[in-house]
Amino acid sequence: MNKNAHRAPRRGPSWLSCALVLLSIPGIALAQDRQGVHGRVLSRGGEGLAEAPVVAEGEGQVRTGLADAEGRFRLELPPGKYRIWTYYDLHHGAVMDAVPVKRGKFAFVRLVLDPITTDDTGIEELEVAYRADTSSEEAQLALRRESTSVQDAVSAKEISTSGDSSAAAAAKRVVGVTIDADDQLIVRGLGGRYNRVLLNGVSVPSMDPGSVSVGLSLFPTSILDSLAVVKTFSPDLPGDFAGGTLLIDSSRYPEKLKITAGLDLGMNTLSTFRGRPDYQGGKLDWLGFDDGTRALPSEIPDEQVTCCAPGIGAEFTRDEVTAMGRSFPNIWNLDRRTALPKMGVDLGVGGSTTFGKNKRFGYLLSLGYDYQELRRTGTIRRNRVDSTSPDGVTPLGELQFENGQMSTQWGGLLTAGLSLGQDHDINFVSLFDREAADTTSTQEGELAGQFSRRWQLEYVERMLSVNQLLGDHRNIGDTKARLRWTAFGGMASRSTPDMRVMRYENFGGDELIWAETTTSGGRFYDSFSKVDYGLDMNVRFPLWQSAWATTGVRVRRTTAEFDMRRFRFNKGSAVSDSSEYANPPEYFFSPDRIGAPSDPNTLAWMSESTSPTDGYAGAQNLYAAFAMLETPVAKGLKLSGGVRTEFFSQDVDARSPFPGAQIDESLSSSRDDVDVMPGLSLTYGIPRKGKEPNMILRAGYGMTVARPQFRELAPFQFYDFQLDRLIVGNPELERTRIQNVDLRYEWYIGKLDLISVSLFYKSFDKPIELQIRDPVNFSSRFINADTARAYGAEVEARFSLEHVHPSLKFFSLNGNLALMRSRVYLPDELSGAVRADRPLFNQSPYVTNLSLRFDHPDSGVTASLVYNVYGPRITDVGVRADSENFFPDIVEQAFHALDFVASYRPNERWSLKLKLQNLLFETQDFKQGDETIKTINRGLTATLGLGLTY
């Protein structure tokens with residue numbers, strides 16, 4: 001049966017004590033027996049029908065589940081009377097009306113389905129009006145149990161219970177998964193190029209030029225049905241990953257009209273109603289749009305601004321350049337504003353209607369908006385190399401920093417589905433996301449005996465649009481063959497208009513004076529856009545008893561464009577009184593003080609430092625085909641394996657920000673690859689006499705690849721102001737080939753009880769690394785290292801505390817632990833300014849998740865205490881200080897996160913949720929050797945949410 005058929009100061013202890021008390025009260029006051037229905041779904045011949053959807057309707061609600069491999073099911077329901085029904089491919093549906101559910105008891109239901117035969121012409125079948133619900137933990141564990149690959153999932157119910165607001169927070173509950181500072185996925189210590197995010201089976205384009213994946217915060221949990229992380233390669237998946245592929249299934253339309261509304265209000269102890277650094281922005285920042293306040297002035301021409309240097313770009317007079325410099329908005333300095341509470345609102349409406357015979361149209365529209373103001377404080381310490389120190393460094397100075405940020409995100413998901421009978425579904429899914437972050441960063445303190453004050457104004461806006469048309473056709477031509485296809489198209493963009501940087505120093509005196517550096521007094525503009533579209537199609541059909549074959553193709557084209565412009569204000573060369581630069585920037589950058597460099601009345605003059613090759617244009621094409629077989633090979637042993645072939649071409653050309661500029665044709669890169677990637681999985685259910693196996697052994701092998709990105713291939717130098725360094729691409733880069741091996745043991749103790757142990761090993765041939773060539777200015781290039789390896793173990797346990805004592809039946813404990821190690825090996829001639837032998841960037845040696853949960857269905861009360869910790873991980877690779885010494889790596893220290901979530905649903909209409917984050921008041925620390933060089937205070941965040949369902 002197809003599972004998709006129809007469907008600061010530490011005050012932690014006091015907070016922890018309160019949370020534990022709150023968690024225990026519901027269990028003491030509300031502990032009662034469970035009740036519902038259980039039974040089996042059988043064919044007329046007595047065979048259990050695996051994964052048959054079971055639906056219970058009554059008491060104003062609909063609850064669903066999936067039968068297990070032997071057709072057994074179990075649904076917990078409040079007392080009352082219910083209509084229980086089910087369906088299955090090539091079978092008539094079965095229904096039982098008015099099934100009574102009494103408090104503390106489970107009613108037994110036996111649903112027998114007759115097969116459809118050629119004599120059934122004219123017989124009306126049960127109308128299938130509801131798709132199987134896979135959002136529950138039971139359903140996700142059932143799918144995991146029947147899977148032929150190593151994968152882990154988080155159900156919609158778990159997401160809700162844990163209080164996760166986005167896919168980024170929810171994914172952290174998966175064993176071996178962490179999230180980086182940009183909300184991107186790290187699986188088994190591998191990030192960036194080694195992971196993929198698929199929405200309904202299709203890759204989501206990245207909104208950033210330096211990333212191949214997307215930040216998971218763009219997926220609010222209100223639009224998620226479930227998410228799963230697949231860790232072994234299967235030929236039906238894209239072959240460009242090594243850590244894992246995150247499979248996100250979007251929410252489905254409901255059977256009946258359903259309207260939802262939610263309101264969230266949140267406070268942070270360091271931010272809310274406190275002053276935070278800010279500056280004058282645009283009036284539409286709260287919507288994620290710059291209103292033109294930061295736009296490049298219309299006086300700035302498309303050509304490069306040059307003056308007094310004949311033969312270089314377009315020639316402008318000094319008066320023309322002066323007029324251009326005066327046209328920039330004179331907004332540099334900071335002010336303060338009181339941070340508002342976090343606010344969020346979401347609305348949803350969906351339903352379906354029948355027409356004709358067994359036809360149904362359904363829809364779901366989800367909209368959401370979030371607004372947040374944050375303040376972060378902390379300390380940054382700088383070191384210098386010292387060969388006499390045990391750590392190789394001694395302190396150079398210390399800066400206090402304060403960051404203020406306004407972030408906004410809004411968007412929605414539209415799903416429209418058309419069911420043309422039991423065997424044909426067509427769905428349209430459209431996802432839109434708009435987000436912006438306006439960040440004001442300040443640093444102040446003493447370095448090397450000199451006092452310094454620095455600040456940066458940065459506004460980043462992003463947009464993503466994803467559209468999918470999906471078809472699902474079953475029982476084609478009176479066979480069990482199934483055809484699925486997806487046509488998709490997406491657009492992504494990112495822009496940073498008018499980023500400004502300023503720096504003042506005392507230069508040994510008493511006054512702070514503007515320090516003229518390569519970035520101080522600079523204004524930066526960049527833009528990035530990507531278009532992605534293609535077609536995916538596969539057919540699954542039976543070969544012999546219990547054996548299935550699947551074959552398919554994928555065509556995908558991606559284009560991308562990036563460009564930037566850089567401007568800089570310089571000190572006047574004839575200024576005799578340096579104290580003029582002790583004034584605020586608006587004083588010496590005012591229009592009447594901008595002029596020619598040598599004019600005595602000029603305090604500042606403008607120049608453009610944009611390179612003619614500060615941009616690129618790229619295109620890549622993927623043509624893929626695969627074939628795979630799923631079959632039993634012996635009693636309890638199943639095999640799934642096949643091969644995927646991918647033809648990949650990629651072109652990158654230097655693109656000038658200036659129209660008509662001549663570009664050296666040698667500054668281009670073109671590459672073609674053909675990769676044949678085998679994948680094999682074996683699953684063995686350890687036999688039990690007279691019962692279904694509840695212990696499963698899995699083994700998997702797959703070869704995958706990691707390909708260079710556009711920016712990494714670009715054979716020209718450009719400035720990345722996100723990393724504050726010059727980077728040059730390498731057209732000689734080769735793709736990375738990865739050999740992946742997985743072993744797993746799973747013990748399914750009950751419906752929700754599980755213990756699993758996993759081992760994994762990965763070998764990388766020619767991994768791509770960013771090589772720092774100069775330890776002074778950190779100029780870098782991309783290279784292929786020799787080899788790398790990663791290996792580790794994972795342990796997961798889920799069980800009800802009812803096994804400990806009957807009175808704890810409403811409590812459950814979930815936990816997982818991942819232990820990981822890695823090593824990268826660079827040849828000495830390529831190691832440059834970094835060590836030739838080190839762990840992988842961003843890999844933690846361990847990751848742990850624990851949650852203690854209380855769930856009482858009758859009362860509508862749920863509560864969870866959730867703990868997460870990831871071990872130390874390299875955030876900046878140490879560089880060479882001199883011929884004998886290296887600066888140590890900068891390592892982010894372990895961060896212990898303890899959160900509490902409680903919700904109350906008094907009836908089917910209303911819900912109330914409380915979420916407390918960072919109960920331990922943990923700080924985020926970074927070390928270089930034994931020296932703590934950065935500390936970030938996060939404070940505690942409390943959020944109260946109110947929901948309405950109609």
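The structure is a predicted model, in which local features need a pLDDT of at least 70, side-chain atom pairs count only at pLDDT 80 or more, and totals for chains, interfaces and linings use all residues. Residues are numbered from 1 along each chain as its sequence is written, and side-chain values use heavy atoms, with hydrogens and water left out.

**Confidence**

- The average pLDDT (the predictor's confidence in each residue, from 0 to 100) is 82 for the chain, and 85% of the residues score at least 70.

**Nonpolar cores**

- A nonpolar core is a set of buried Ala, Val, Leu, Ile, Met, Phe, Trp, Tyr and Cys residues joined through side-chain atoms within 4.5 Å; buried means under 20% relative accessible area, exposed over 50%, and partly exposed in between, using a 1.4 Å probe and protein chains only.
- The largest such core contains 31 residues, and those with the most contacts inside it are Leu185, Leu216, Phe219, Leu227, Leu246, Ile248 and Leu431.
- Elements that each supply at least two residues of this core include β11 (195–199), β13 (224–230), β14 (244–250) and β23 (424–447); helices (H or I, at least four residues) and strands (E, at least two) are DSSP runs, numbered from the N terminus.
- The largest share of this core, four residues, comes from α4.
- Phenylalanine 219 touches Ser166, Ala167, Val197, Leu199, Val204, Val214, Leu224, Ile248 and Leu431, leaving out residues up to four places away in sequence.
- A second, separate core has 28 residues, among them Leu457, Phe589, Leu603 and Met606.

**Largest cavity**

- A cavity is a set of points, on a 1 Å grid over the protein atoms alone, where a 1.4 Å probe fits but cannot get out; its lining residues have an atom within 4 Å of a point.
- The largest cavity has a volume of about 440 Å³, where grid points are joined across faces, edges and corners and the volume is the space filled by probe spheres set on the points.
- Its lining comprises 27 residues, of which Arg196, Asp240, Arg556, Thr558 and Gln620 lie nearest the centre.
- By class, 11 of the lining residues are nonpolar, seven polar and nine charged; Ala, Val, Leu, Ile, Met, Phe, Trp, Tyr, Cys and Pro count as nonpolar, Asp, Glu, Lys and Arg as charged, and the others, Gly among them, as polar.

**Selected buried residues**

- Tyrosine 371, in strand β21 (residues 359–385), counts as buried at 10% relative accessibility.
- Beyond four places in sequence, the contacts of tyrosine 371 include Trp286, Arg337, Met343 and Met406.
- Alanine 785 is in the loop between β39 (780–784) and β40 (787–800) and counts as buried at 2% relative accessibility.
- Serine 822 belongs to strand β41 (residues 811–825) and is buried, with a relative accessible area of 9%.

**Positive phi angles**

- Alanine 98, which is not a glycine, has a positive phi of about 55°; this residue is in strand β6 (residues 94–101) and counts as partly exposed at 49% relative accessibility.
- Asparagine 475, also not a glycine, has a positive phi of about 55° and is buried at 12% relative accessible area.

Definitions and conventions:
Contact = heavy atoms within 4.5 Å. 1 Å grid on protein atoms, 1.4 Å probe; cavity = no way out; pocket = protein on both sides within 12 Å on 5 of 7 lines; lining within 4 Å.
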